[in-house]
Amino acid sequence: MQRDNSAPNRQKGKGRPRNSETAAASLVDVLNLVRLGRATTRQELEHVSEYGRAIIADRLATLTELGLVDESAAGIATGGRAPRLVKFIKDRARIVVVTFDQSAFGVGLADLSGKLLTEHHETADVTEQSMTVDRICTLINWLMTRQSEAPDLWGISISVPEPVLVDPNAAFLIEPTEFPPNWSNSGLIEVLMRRFQSPVWMHSSVETMTMGELRGGAGIAQQSMLFVKVGQRIGAGLVSNGQQYHGAAGAVGLIGQLPVTSGEATGSLDAMAGANMIKTRGIKAAHTGESTYLADVLARGAEISAIDICQAAQMGDAVCTEIIAQSGRLIGTIVATLVNMLNPQLVVLAGSIAQTNDILLASVRETVYGASHPLVTRDLRILRSQMSSSAALFGAASIAAEALFDPTFLKGWILLGSPTRHPDFLHRLETMNTNTQQADEGPPPAPRSRSKRA
Amino acid sequence: MTIVGLGPHGERASPPERVTLLPQDIAEARAKKLRVAIVMHTLESDWAKQLVQGMIGTLGECGAVVIDVVDCHFSSEAQIVALNRLREKSPDAIISLPVDNTAVTKAHLAISDAGIPLVLIDNVPTGMLPGKDYVSLVSADNFGLGKISAKLLSDHMPHGATAGILAYEADFFATNEREIAFSRWMEINRPDITVKTARFATAGAAGLEADQLMNDYPKIAGLFVVWDTPCIAVITAVSKRNPALPMTTVDLGREVTESLAKGGPVIGIAGQRPFQQGEAVARTTITALLDRRCPDWVALPGLKVSRSNVIECYQSIWREQAPRDILIGFDLTQTK
């Protein structure tokens with residue numbers, strides 16, 4: 001714990017310096033102890049932080065003024081007067097969370113603890129860049145107006161289906177990223193930052209879903225977890241020592257690139273076991289009439305999706321069951337390699353393909369248990385995620401909440417009362433506005449030609 | 001018809017056929033002598049009555065005894081009391097329509113924590129997850145209902161007009177989806193139309209809110225009310241000002257159906273299928289009690305009801321003959 005050496009030398013009484021720069025470190029410590037529930041009374045704060053009573057009182061007064069803690073509730077008395085409970089005001093502001101899929105997006109609001117308060121999902125053609133950006137802004141505004149008291153907005157956390165390469169030392173997104181690859185001109189990040197005047201974070205959906213599963217799903221309290229998302233692409237996330245592993249460049253778990261073989265065919269796991277393969281085989285089975293369920297779907301004029309094949313498999317259609325089981329065996333082969341290497345406590349399968357049927361889970365289990373060392377599988381649990389698409393929103397909210405209160409970033413804004421007043425963020429906004437202004441004004445005029453008109 | 005919306009957590013819809021019961025399933029369920037409790041937001045609306053009928057009938061066919069049907073009168077306190085009381089009775093399953101998203105969360109979680117399978121209708125309290133905290137959500141495609149309502153109203157709106165939405169104040173999945181979808185459809189298909197929104201806390205207060213909205217925006221040329229019961233209050237409030245103001249709503253309640261059949265002010269309705277939804281809820285419950293996996297979200301498509309098809313839709317939804325007044329209005333029967 002970083003000590004605030006200036007504080008003990010202060011004199012009691014009015015006029016003592018409180019909101020000084022030197023108090024920031026202890027404010028950060030005290031706030032994070034309260035926020036994470038490690039101390040719930042002044043006594044506990046003194047004990048855990050090792051700050052003196054006067055410092056704790058002073059910092060709590062400051063945090064109360066900033067609207068970040070509340071001491072109005074009484075705790076349980078243990079022999080004397082009941083202590084005042086110190087609570088973090090998680091409703092002080094909101095975090096917006098956005099998740100992109102290949103064909104849908106979701107927008108939600110979370111409190112400062114990362115708890116998802118409300119969410120809305122809708123299908124969309126996300127290749128329509130400007131329409132999608134406008135739509136997201138409209139939905140954010142709608143969600144904010146549905147809040148009973150118009151809260152401040154402190155951050156926007158985005159989950160995207162691609163790996164996102166970001167500066168690991170940056171507190172928030174400083175430079176525009178290359179997502180989506182064909183969205184280079186959408187200005188999504190800039191539009192959101194400018195319109196909502198708040199910092200933005202962006203992570204891959206595998207990262208956010210892994211975080212969501214860790215904080216709110218089957219991964220709660222787990223020290224090691226392998227998370228596998230099965231959709232058009234197949235990716236993995238890793239939790240080690242209770243923390244998400246980010247790798248050197250934030251590109252963890254691109255297992256969809258790994259080659260697998262089925263019969264005489266060899267290809268990447270994405271191509272051989274992903275949603276596109278499932279859909280292609282399903283459409284073929286519908287046209288040939290091998291699958292009566294899918295042939296019926298086709299006869300009704302509906303377009304067959306990978307989800308239809310999953311649902312048909314769940315309803316007992318033999319051809320669809322085999323398509324999904326084959327996908328599960330290939331995924332299981334790769335998961336078995338990872339499990340033997342990493343020895344996780346838990347493997348979680350997620351994504352629309354894994355969550356709409358039992359066949360994939362059964363097939364992956366069978367392959368992993370058959371291909372792994374008994375010591376590795378002795379206590380291993382392989383589950384299907386129960387968080388649905390909420391995992392990405394929940395994880396994105398957790399990532400933003402942790403980033404907002406990261407001690408280094410928090411120290412830069414706590415005395416200003418809001419992360420939106422952090423000097424780095426204001427500088428970023430200013431730079432962005434200057435760049436936009438220059439772009440609007442067009443290139444500087446070319447030097448006048450000295451030649452006279454003919 | 002296809003389902004256009006997504007579930008409360010982004011789930012893709014499963015059709016009600018996904019929870020089909022075979023004769024052997026019904027025999028197995030009957031042998032279990034199941035006890036099921038139902039907790040409804042209200043029992044006063046026509047929609048709720050039909051839904052309950054569909055549930056009770058199908059549960060009866062499976063030998064499941066319905067031990068209680070509770071009317072919460074839209075009160076979260078009443079629902080919490082009911083859920084806590086029913087939990088003590090240890091039924092095999094509880095079917096609930098949560099009245100809001102926050103206040104009743106704990107009471108619903110306590111049901112699943114007690115090991116009682118919970119099947120939800122139309123709404124999911126915040127933070128509850130399918131498969132973990134509840135078996136399934138069974139609802140209409142509410143996003144689709146909002147789109148149908150917008151399309152129907154659009155046909156009666158002149159270029160550049162203003163449309164009003166009377167939306168529900170409570171954070172409720174079904175009505176949120178209808179409201180969002182209505183605005184979305186207008187945004188894409190009728191960008192010339194401006195949409196203004198007012199919210200009512202109770203169905204009875206919808207009339208006052210509509211009146212205020214009309215005061216604020218006197219040029220409003222059409223209204224969408226997110227379900228039929230408040231729509232009746234809105235018709236009464238607005239008729240003094242403009243008896244011909246076109247309106248659309250959701251649910252083929254008897255009074256709005258009469259208005260539609262007469263030619264207005266209700267000019268179109270997005271119809272739900274409450275009886276079939278009730279049957280799907282019951283089948284989902286039985287499927288779960290037979291230890292089979294249920295889809296996270298079972299959704300039923302809506303019906304586009306206009307004056308031209310109101311009688312057949314009425315029969316299809318309510319499973320009875322359309323009221324005599326309506327038939328007379330269409331010259332389909334003789335007056336006495």
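Which residues in α1(A) meet which residues in α3(A)?

Modeller: The model under discussion is a predicted one. On the side of α1(A), the residues in question are A:Ser26, A:Leu27, A:Val30 and A:Leu31. They meet A:Ile55, A:Ile56, A:Arg59, A:Leu60, A:Thr62 and A:Leu63, which belong to α3(A). Sorted by class, this contact of α1(A) with α3(A) comprises 7 nonpolar, 2 polar and 1 charged residues.

The geometry of such a contact can be stated briefly. For two packed helices, the description consists of the angle between the axes and the distance between them. Here, the axis of α1(A) and that of helix α3 of chain A (residues 53-65) cross at roughly 80° and come within 10 Å. The two helices, α1(A) and α3(A), are therefore roughly perpendicular to each other.

Helix α1 of chain A (residues 24-35) also packs with helix α2 of chain A (residues 42-49), at an angle of about 120° and with the axes 11 Å apart. In this case α1(A) and α2(A) are therefore oblique to each other. The crossing in which α1(A) passes α2(A) is right-handed. From α1(A), the residues that make this contact are A:Asp29, A:Val30 and A:Leu33, while α2(A) provides A:Leu45, A:Val48 and A:Ser49. The classes in the contact of α1(A) with α2(A) are 4 nonpolar, 1 polar and 1 charged residues.

Chain A consists of domain 1 (7-88), domain 2 (93-207 + 392-434) and domain 3 (221-386). Between the C-alpha centres of domain 2 and domain 3 of chain A the distance is 30 Å. Where these two domains touch, domain 2 of chain A has 10 residues in contact with 12 residues of domain 3 of chain A. The domain 2 side of that contact in chain A is made up of 7 nonpolar, 2 polar and 1 charged residues.

Chain A also contains an open sheet of 5 strands, in the order β5-β4-β3-β6-β7, with mixed pairing. At its edges stand β5 and β7 (200-204) of chain A; each has a single partner strand, so one side of each is left without a neighbour in the sheet. From one strand to the next, the twist averages 15°. Within this sheet, strand β3 of chain A (residues 93-100) pairs with β4(A) in the antiparallel sense over 6 bridges. Opposite A:Val97 stands A:Gly108 in β4(A). Helix α15 of chain A (residues 390-404) packs on the sheet and touches β3, β4, β5, β6 (152-160) and β7 of chain A. The direction of α15(A) makes about 130° with that of β6(A).

Between the chains, 22 residues of chain A are in contact with 20 residues of chain B. On the chain A side, β4 (104-110), β5 (116-123) and α10 (306-314) are the elements that give two or more residues. Among them, β5(A) gives the most, with 7 residues. By class, the chain A side that touches chain B has 8 nonpolar, 11 polar and 3 charged residues.

Chain B is itself divided into domain 1 (16-135 + 273-300) and domain 2 (142-272 + 306-329). The centres of these two domains of chain B, taken over C-alpha atoms, are separated by 29 Å. Their contact draws 14 residues from domain 1 of chain B and 14 residues from domain 2 of chain B. On the domain 1 side, α2 (46-61) and α10 (274-289) of chain B each supply at least two residues. That side of domain 1 of chain B has 5 nonpolar, 5 polar and 4 charged residues.

Chain B also has an open sheet, formed by 6 strands in the order β2-β1-β3-β4-β5-β11, and its pairing is parallel. Its edges are β2 (65-71) and β11 (297-300) of chain B, each with a single partner strand, so one side of each is left without a neighbour in the sheet. Strand β1 of chain B (residues 35-40) runs parallel to β2(B) and is joined to it by 6 bridges. B:Met40 has B:Asp71 of β2(B) opposite it. α2(B) packs on this sheet, where it touches β1, β2 and β3 (93-96) of chain B, and its direction makes about 175° with that of β1(B). Helix α3 of chain B (residues 76-88) likewise touches β1, β2 and β3 of chain B, and its direction makes about 175° with that of β1(B).

Conventions. Residues numbered from 1 in each chain as written. Chains lettered and ligands numbered in written order. Predicted model: local features only at pLDDT ≥ 70, side-chain atom pairs only at ≥ 80, totals over all residues. Domains from an automatic or database assignment. Contact = placed C-beta atoms within 7 Å. Helix = DSSP H or I, 4+ residues; strand = E, 2+ residues; numbered from the N terminus. Nonpolar A, V, L, I, M, F, W, Y, C, P; charged D, E, K, R; others polar. Axes fitted to C-alpha atoms, helices over the stretch in contact; angles between N-to-C directions. Parallel < 35°, antiparallel > 145°, perpendicular 65-115°, else oblique. Left-handed = near helix turned anticlockwise from the far one by under 90°. Pairing = 2+ DSSP bridges.
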